[in-house]
Structure formats: structure tokens, C-alpha cells
Amino acid sequence: MSFRRALSLACGFAGGSAVLVCAAVVADKNGYFGEGRRVTETLAAVNAAHPPAWPTANGWDYNWDKREPSSMVNGKRKESTGENGSQDAENNKPRATRHIFLIRHSQYNLKGDGDKERFLTPLGREQAEFTGQRLASFGLKYDTLIHSSMTRATETANIISKYLPGVELVSCDLLREGAPIEPVPPVTHWKPEAVYHEDGARIEAAFRRYIHRADAKQKEDSYEIIVCHANVIRYFVCRALQFPPEGWLRLGLNNGSITWLTVRPSGRVSLRALGDSGFMPPDKLTRT
């Protein structure tokens, strides 16, 4: 077999874009193709240089929140009465979309000794005002405003609530700041393993409580606000999008920023905004 035919055959297997790669691999030191090269070596070189095919398997878990309609049906009943099982699955099918606004607390006193002394700075209170105004400007009918029980998150939520009259305020200990999972790549200055073990379970519990598709009884789309902390929000985003949760520390969020998650009835999740703070003047932005 001539070299040109071998080259044509090899690049035919790998795709036309591999021609230049193939040529570069088999060129000799004088810049000419060696007719004596073995065809198998040429094929091997092209195969190694050609990128692997994109995976075609569906990697999305539609039952990530354990609320996929068929999973809500009693297993024994489904086996004994197939038609009723299908009807129950239809009855358990969500029809509303949940919009979840994750708000990072505003700037606070880093020198405070304990949570009570880590209250908002004057700039932090300004930031919360901007965030409240921004949320109000959307013109949405918010259902609830849930916040971490830590001082800086509680104060942020109270300021925001001034712009959302009638929206119920709810405090939650599960949303307190912590270390959700050991980050990858690792960082030497972070937390000991015991802290991840304890905080991680609590923050995961918060995720399961608040981030999921709508209940089948919910008839209209909902708009919920959660005021909490950077680590919690970053972990929630990774978990909801089914990204490796160990990557949470690679995301950055400004104080008072808005992250907007949408959970469809099908279980699909989309990130409409991550750490949006463009509504604040540049000189008011911080990330402490």
C-alpha cells in the first residue's frame, strides 16, 4: 500500500481534521514524508491525536431530589395494580416552577468576637438596601423570605424585607455558614476533616429541604428568597446543577449578590444568575 493511500485511509478513520496532525507526526527531520513508514504506526499516531467522541449517555439524574413522579408511588401498590400506579404517578406530577433567589449577606464586622458581634458594617447596610431595591424591581410576588439565623444574614434579611412588604420572614439554623465538603483542589489553610463531617451534613440537609422541584399540590409558580452565606450558596449551586460539589470553592460571590436558580416540574435546573451584583455602584462592591 502506498503511503498516500495509507494516509488517506488513516485520516478517513480519524476525520478530515486529523490530516495536519497526521502529517506532523510522520514527517521526517527534513520535512518530507517517509514512504517507508509502517501503516500501523501512522494509524496509531492519528488515533492517539484524535479527540475522543463526546459521551452520548444521559448523565442527568432526573430523580436527584427524590420527587420524580413515579418514585412517589407506593412500590407494592404499583406492582399489584399497574394502571393505578400510572394514575398515581400522574397525580404526583409537579406542574409549577420554583424560582429560588439565593442572597449572600452583606459586608459585616470581621473583627467581631463571636456571631453577635459580627453585625453589618455601614457599607453592609447600604448593600442590603441595594439588594432589597433590586429584588423589588423585579415585580414578582415573593412567597417567603428565609434566612440563616446568624446575625449578618438576619440583619441583611430584615433590611431587604422593608422593600417586600407582606412577605413572611423565616429563620433557619440549617442555613448557617460552614464548610460543606472538602474542596478540590485542596487548600492547606481550610478546615480540619471533623468540621466538614459536621457542617457538611447540616448544609446538605438544608439543600434537601429547600432545593427541589415543586410539590404536586402547588398550582402556580413560586418565588422564594433565601438569605444565607457564600459557602452554602456555592454548594447549593453545584449540587443543584449536578456539578461535582467539591468544586464549590472555585466560585466567588460578592456581598449582597443575587443567585437565581430555577427548578422546573420535570426536575431540570437552570442557573439564571450567579452572584449578580451589577445593580450596586462599583465603589460599594465587596467580597468579605
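1. Two strands are taken to pair if DSSP finds at least two bridges between them. Helices (H or I, at least four residues) and strands (E, at least two) are DSSP runs, numbered from the N terminus. On these terms, six strands form an open sheet with mixed pairing, in the order 3-2-4-1-5-6. The edge strands, each pairing on one side only, are strand 3 (168-172) and strand 6 (269-276). Neighbouring strands of the sheet are turned by 20° against each other on average, direction ignored; axes here are lines fitted to C-alpha atoms, for helices over the stretch in contact, and angles run from 0 to 180 degrees between N-to-C directions.

2. On provenance, this is a predicted model, in which local features need pLDDT of at least 70 and side-chain atom pairs count only at pLDDT 80 or more, while totals for chains, interfaces and linings use all residues. Residues are numbered from 1 along each chain as its sequence is written, and side-chain values use heavy atoms, with hydrogens and water left out.

3. The protein chain holds nine helices and six strands. Of its 288 residues, 43% are buried, where buried means under 20% relative accessible area, exposed over 50%, and partly exposed in between (1.4 Å probe, protein chains only). Contact means heavy atoms within 4.5 Å. Among contacts between residues at least 6 apart in sequence, 71% join residues at least 24 apart.

4. With strand 4, strand 1 pairs in the parallel sense over seven bridges, and L102 stands opposite I226 of strand 4. With strand 5 (residues 258-263), strand 1 runs antiparallel, joined by six bridges; I100 has L261 of strand 5 as its bridge partner. Seven of the seven residues of strand 1 are buried. Both faces are covered, with R98, I100, L102 and R104 on one side and H99, F101 and I103 on the other.

5. T97 lies in the loop between helix 5 (82-91) and strand 1. T97 counts as buried because its relative accessibility is 7%. Its contacts, leaving aside neighbours within four places in sequence, are Q218, D221, S222, T262, V263, R264 and P265.

6. Strand 2 (residues 144-148) pairs in the parallel sense with strand 4 (residues 222-228) over four bridges, where L145 has I225 as its bridge partner. Helix 7 (residues 151-161) packs on the sheet and touches strand 1 (98-104), strand 2, strand 3 and strand 4, its direction making about 160° with that of strand 2. Strand 2 also runs parallel to strand 3, the two being joined by five bridges, and the partner of S148 in strand 3 is C172. Five of the five residues of strand 2 are buried: T144, I146 and S148 on one side, L145 and H147 on the other.

7. Helix 6 (residues 122-137) has 16 residues, which at 1.5 Å a residue should span 22 Å; its end C-alpha atoms are 23 Å apart, so the two values agree. The expected span is 1.5 Å times one less than the number of residues. Buried residues of helix 6 are G124, Q127, A128, T131, G132 and L135. Seen down the helix axis, these buried residues fall within an arc of 140°, so they line one face of helix 6; the arc is that of the directions from the helix axis to the C-beta atoms. Their cover includes strand 1, helix 7, strand 4 and strand 5. Just after helix 6, G139 takes a positive phi of about 70°.

8. A nonpolar core is a set of buried Ala, Val, Leu, Ile, Met, Phe, Trp, Tyr and Cys residues joined through side-chain atoms within 4.5 Å. The largest such core has 25 residues, and L175, I211, I226 and F236 have the most contacts inside it. Strand 1, helix 8 (193-210), strand 4, helix 9 (230-240) and strand 5 each give two or more residues to this core, and the largest share, seven residues, comes from helix 9. Not counting residues up to four places away in sequence, F236 touches L102, L175, I203, A206, F207 and I211. A second, separate core has 18 residues, among them Y142, Y223, V227 and F279.
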